[in-house]
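Here are my notes on the model you sent over. Have it open while you read, and check each point against your own view.

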Amino acid sequence: MLGRLFDSFVYLLIRAVCRIDAKELDKVPRAGPLLMIFNHINFLEAPLFYLFMRPRRIFGVMKVEISRVPIVKGIVRRWGGIPLKRGAPPSAAFRKVGELLAEGAIIGLAPEGTRSRDGHLQKGNPGVVTLAVQNDAPILPVAHYGSQNLWKNLRRFKRTEIRFKVGTPFKLAAPERVNKESRRLLTDQMMKQLAMLLPQELRGDYSRMDEIGEDLIVMLD
């Protein structure tokens, strides 16, 4: 009961300070197995995806430091957080993701690994490629933008407009031998699918998409 009350409070709070266009989230399948990749701007992503995708359940990979904050720990557990220690072997988190995918779960990941803050897309981390290849999992790109203006708008007592865009699910056609070079190619082509959902001015490190191929992308729709 307390958990549901907390969810309702957060939902109403977000609705009070933001104007959210979440219609495209209806395109996200009701179940997995699915790796849902998104761009990482700020703390709003966790409640946005958890609350606005209900009744679908989504699990999210997050840095382990967050799960150690006393007040936040219970929220992380309730909202399906999977702690990942950056800079350490990710075997425990990866095993958990593999188990959840085998059960048909939707796993949310931010390939950038760190917040952009200004909304510009940063270089992707090859870890998502490893997860996708190991589990033969489809990937769904979901972009959102607008929340980079949250603090500026709050100071002006202005609601922040946030929009979601959902792409086409795909799989990675990984070569027989995956090495550092091939992982980077796979990562860039994966991130291109995410970048295409963002306005040109927010594509950041992937603004020159004509230089990135798509030969390792297999569309599923």
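The points below go from the overall fold to single residues.

1. Ground rules. This is a predicted model, where local features need pLDDT of at least 70, side-chain atom pairs count only at pLDDT 80 or more, and totals for chains, interfaces and linings use all residues. Residues are numbered from 1 along each chain as its sequence is written, and side-chain values use heavy atoms, with hydrogens and water left out.

2. The chain as a whole. You'll find eight helices and nine strands in the chain; these are DSSP runs numbered from the N terminus, with helices being H or I of at least four residues and strands E of at least two. Of its 221 residues, 46% count as buried, where buried means under 20% relative accessible area, exposed over 50%, and partly exposed in between (1.4 Å probe, protein chains only). The chain exposes about 12000 Å², with 54% of that coming from carbon and sulfur atoms; the areas are from the Shrake-Rupley method with a 1.4 Å probe. Taking contacts between residues at least 6 apart in sequence, 73% join residues at least 24 apart (a contact is heavy atoms within 4.5 Å).

3. Two cis peptide bonds. Most peptide bonds are trans, so these deserve a look. Gly 32 to Pro 33 is cis, with omega near 5°, and Pro 33 sits in the loop between β1 (18–21) and β2 (34–38). Arg 54 and Pro 55 are also joined by a cis bond, omega about 5°, with Pro 55 in the loop between α2 (45–52) and β3 (58–63).

4. Positive phi. Most residues other than glycine have a negative phi. Arg 117 has phi near 70°; look for Arg 117 in the loop between β5 (106–109) and α6 (127–135), where it is exposed at 59% relative accessible area. Phe 157 has a positive phi of about 55°, lies in the loop between α7 and β7, and counts as exposed at 80%.

5. A positive patch. Lys 152, Arg 155, Arg 156 and Lys 158 gather in a patch of positive charge on the surface. Patch members have over 30% relative accessible area and no salt bridge, and like charges are joined within 9 Å. Arg 156 belongs to the loop between α7 (150–155) and β7 (160–166), and counts as exposed because its relative accessibility is 56%.

6. Salt bridges. A search of the whole structure finds ten, each being a side-chain nitrogen of Lys or Arg within 4 Å of a carboxyl oxygen of Asp or Glu. One of them pairs Asp 21 with Lys 23, closest N and O atoms 2.8 Å apart; Asp 21 is partly exposed at 22%, while Lys 23 is exposed at 60%. Asp 21, Lys 23 and Arg 163 are linked in a network of salt bridges.

7. Which residues form salt bridges with Asp 188? One is Lys 123, with the closest N and O atoms 3.7 Å apart. That pair links distant parts of the chain, 65 residues apart: Lys 123 is in the loop between β5 and α6, and Asp 188 is in helix α8 (residues 180–195). Arg 184 also meets Asp 188 in a salt bridge (3.4 Å, N to O); being four residues apart in helix α8, Arg 184 and Asp 188 are separated by about one helical turn. Asp 188 is buried at 14%, whereas Arg 184 is partly exposed at 30%.

Definitions and conventions: Patch = residues over 30% accessible without salt bridge, like charges linked within 9 Å, V, L, I, M, F, W, Y side chains within 5 Å. Lys, Arg positive; Asp, Glu negative; His and termini not counted. Charge placed at Lys NZ, Arg CZ, Asp CG, Glu CD.
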